[in-house]
Amino acid sequence: MSTTTDPSASDSVKGIFETMDYGPAPESDQQAQAWLERHGRTFGHVIGGRFVEPAAGERFATVHPGDGRELARVAQGDEADVDAAVRAAQEALPAWRALPPHQRARHLYALARHVQKHARLLAVLEALDNGKTIRETRDIDVPLVARHFTHHAGWAQLLESEFAGYRGVGVCGQVIPWNFPLLMLAWKVAPALAAGNTVVLKPAEFTPLSALAFAELALEAGLPPGVLNVVTGDGRTGAALVAHPGLAKVAFTGSTEVGRQIRQATAGRGVKLSLELGGKSPFIVFDDADLDSAVEGVVDAIWFNQGEVCCAGSRLLVQESVAAAMEDKLRARMETLREGPSLDKAMDIGAIIAPVQLDKITRLVEQCRAEGGRCYQPSWAARPGDGEAGLYFPPTLLADVAPASTAAQEEIFGPVIVSMTFRTPEEAVALANDTRYGLAASVWTENVNLALDVAPKLEAGVVWVNCTNVFDAASGFGGYRESGFGREGGREGMFEYLVPEWEVELEPYGEDALVDPAGGDALGLGGGGAERGESASGIDRTAKLYIGGKQARPDGHYAYPVIGADGAHLGEAPLGNRKDVRDAVEAARKGGAWSKATAHTRAQVLYYLAENLDARAREFGERLRSLTGASSEDAGREVTTAVRRLFSYAAWADKYDGAVHATPYRNVTLAMNEPWGVLALACPDEAPLLALVSLTAPALAMGNRVVALPSPRWPLAATDLYQVLDTSDLPPGALNIVTGVRDELAEVLARHADVAAMWYVGGAEGSAMVERESADNLKSTWVNHGKRRDWFDARQGEGRDYLRHATRVKNIWVPYGE
Ligand code: NDP
């Protein structure tokens, strides 16, 4: 540690001037200790507005990582505790939801004020329980917590006008990690309460104290009992919470591994889910960057909060020509960092949370050394475990690591940065995106054109230009890829806690449902499919698949008969298999031109599609009549509604813009609506043309490349579209269509790593399957849980909800001023 102060040197003013050594600058922990004492250093859960004993009477110790001393004993929650908390939240929900928005806004504002009033208690408690420095808890964590509640008091106030047609989702289960205990609480609790929901929160086992203190303050501030419940415990408590059937929403921040488990545990339950997971974020320094600023940026990127930050800039990518200069400056700066007791106001780096985390960091650094990486630590660095009390790991730079090495790919979650070099901006982007994560990125250059060219190419939810680790309640935060899905903060974050009223009103498919039950029998496959071309008429009327802008025969050469509602054999549809699905995804992956096309171009193509479909309206109407048995009038209405819907999304293509968030720094924070890339969708049987168009058009309008599984029962409504597509200037790969047994094909898409998002409209089992099977690659899913939409109703079948699900928000922070 760099904390030792020579007593003789500090004896006199002269001595201090000579050594310029730091003296100790401790923050008093008196108030926090008094609070702990007042509770007898023993806590229960906060359920229904009071502290309650854990059902099983079990407790565990929470310690100060700086010296291992026990701070308090807290309750180990079990299923009974979780159940009691969820019940309390359920009981509190109707009254809280019924409060006029202004009253809820007042409650949130009161929470913000109470945080400000008790800022010192909270900052010290946080520094004690987590080991992070008081400088950070006092200047960053606690002010941001207050800011979050103030900002969301505003959303509560404006709920009815700004989110008309939406309502709170219900009881929310929230599981948070130990790295920003109080801040993560605020990120989750503030939007949930603002939207009219009630909450059960499980803080991390290592850091439960600030959540308990906050819950107590909330009661003092007049928050009604049961609106916020806190159940402490370890991972088992978290697992019990996310498994509880009383939840309508689960929000999680933590490791990718646990995120996957939670995706599995919530699959098929109709629970809304947001996951904020790990990262390995790039910090890119171009040769024209202000290197001194960039070095300070690195300090904030990786040594802030001991590097225990999900969006830490942990991969330093430096343009080759300035790599040596950057490294020299960085090493010099590392010498001046100070690591030590968290309550010393002059410390930069505090203690690591727990031995298990220190072991993980040590192991990964040793592994990197063994693999030949150069390892730099400041000269003052004591090796961890060298007799110093506390869990400290020195700031560490691992240079010359290979991009594929463990150190460059694994989230170390400690004060360790790996560095690599690049030559060109293209190489920088390729290296930056060479990760399974996608949480954040930082770009350093004095050239605004270069910064704004690179930012959209980075696969990350947040991009900071010439800054790093800047957060604000008005700006969304969240990841791409294995960093999870959903956003916290800003307008986009509010949607995570709201549901559209039209979705709430949907009814399950009835007995007469036309939903594909997933088995081949429903498609008349009998023994598994007919050889291609065997039609009743003897004429080969087998439709094909549509892949990469061309009609393609199915890999298995099998087809299945398409039977009209009146029993007539109307033709054959190809029986696509997993190979066809993979080919379709590959074609979509290569169809990047569509995502790069301007919104105007996309609008033109959609108008053209509408025009060409309209020109053949009679033919499509006839087809629909024979397939579904609809009256001529209804079949005609389906076609005209499909044409109108294409017009709507052509109109939206250049109007569903992003926003510039009003963050309180000298920043332009651009919230850009980006396409997912490859978006897969599975259509229901009813309204086979209109449903396909209703799902495909918004996805295309926003620049996604689509793999669509049309109605399994009546796929000819889709295969007839091929000629319309061919004549409408849609580039190859933008829309790919695979017919067959929908749920079998949907499973392949759900598992496919190159499919970034998936929509499924069909049965409840299929919905559950898509959520479950996508857990491994953590794609964002939007499923209907077996509820039937009326595609003719514009409220249910079109609009902003579709556009929102067709995009993900990237926030790009660009500072201004000299
Ligand atoms: P976890 O993901 O295990 O913990 C996050 C939260 O989830 C904690 O409250 C934890 O409880 C709880 N939890 C654990 N298991 C389950 C489960 N099966 N169901 C529901 N909740 C559960 O992270 P760790 O604390 O174990 O840290 C491990 C690694 O995760 C770190 O080394 C780091 O790489 C990464 N991490 C990433 C974070 C991020 O912000 N992205 C934050 C924290 C860690 P409890 O802690 O009480 O066991």
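Predicted model: local features only at pLDDT ≥ 70, side-chain atom pairs only at ≥ 80, totals over all residues.
Visitor: Which polar backbone atom is 2.7 Å from an oxygen atom of the ligand?

Guide: That atom belongs to E205. G235 also places a backbone N or O atom 3.0 Å from an oxygen atom of the ligand. The protein covers 86% of the 850 Å² of accessible area that the ligand has on its own.

Visitor: Which elements give two or more residues to the shell around the ligand?

Guide: They are α9 (235–243), β9 (249–253), α10 (256–266) and α13 (355–370). In total, 28 residues surround the ligand, and the closest are I176, W178, E205, S255 and K360. By class, the shell has 13 nonpolar, ten polar and five charged residues.

Visitor: Why is T807 called buried?

Guide: T807 has a relative accessible area of 6%, and buried means under 20%, so the term applies. T807 lies in strand β34 (residues 807–815).

Visitor: What does the side chain of T807 reach at 3.2 Å?

Guide: The side chain reaches the backbone oxygen of R804. The limit for a polar contact is 3.5 Å, so this distance is within it.

Visitor: Which residues is T807 in contact with, leaving aside its neighbours within four places in sequence?

Guide: They are Y656, N673, E674, W676 and M702.

Key: Residues numbered from 1 in each chain as written. Heavy atoms only, no water. Helix = DSSP H or I, 4+ residues; strand = E, 2+ residues; numbered from the N terminus. Buried < 20%, exposed > 50% of the residue type's maximum accessible area, 1.4 Å probe, protein only. Polar contact = N/O pair within 3.5 Å; in protein donor to acceptor, adjacent residues only side chain to side chain. Contact = heavy atoms within 4.5 Å. Near = heavy atom within 4 Å. Areas by Shrake-Rupley, 256 points an atom, 1.4 Å probe, with all protein chains shown as cover. Nonpolar A, V, L, I, M, F, W, Y, C, P; charged D, E, K, R; others polar.
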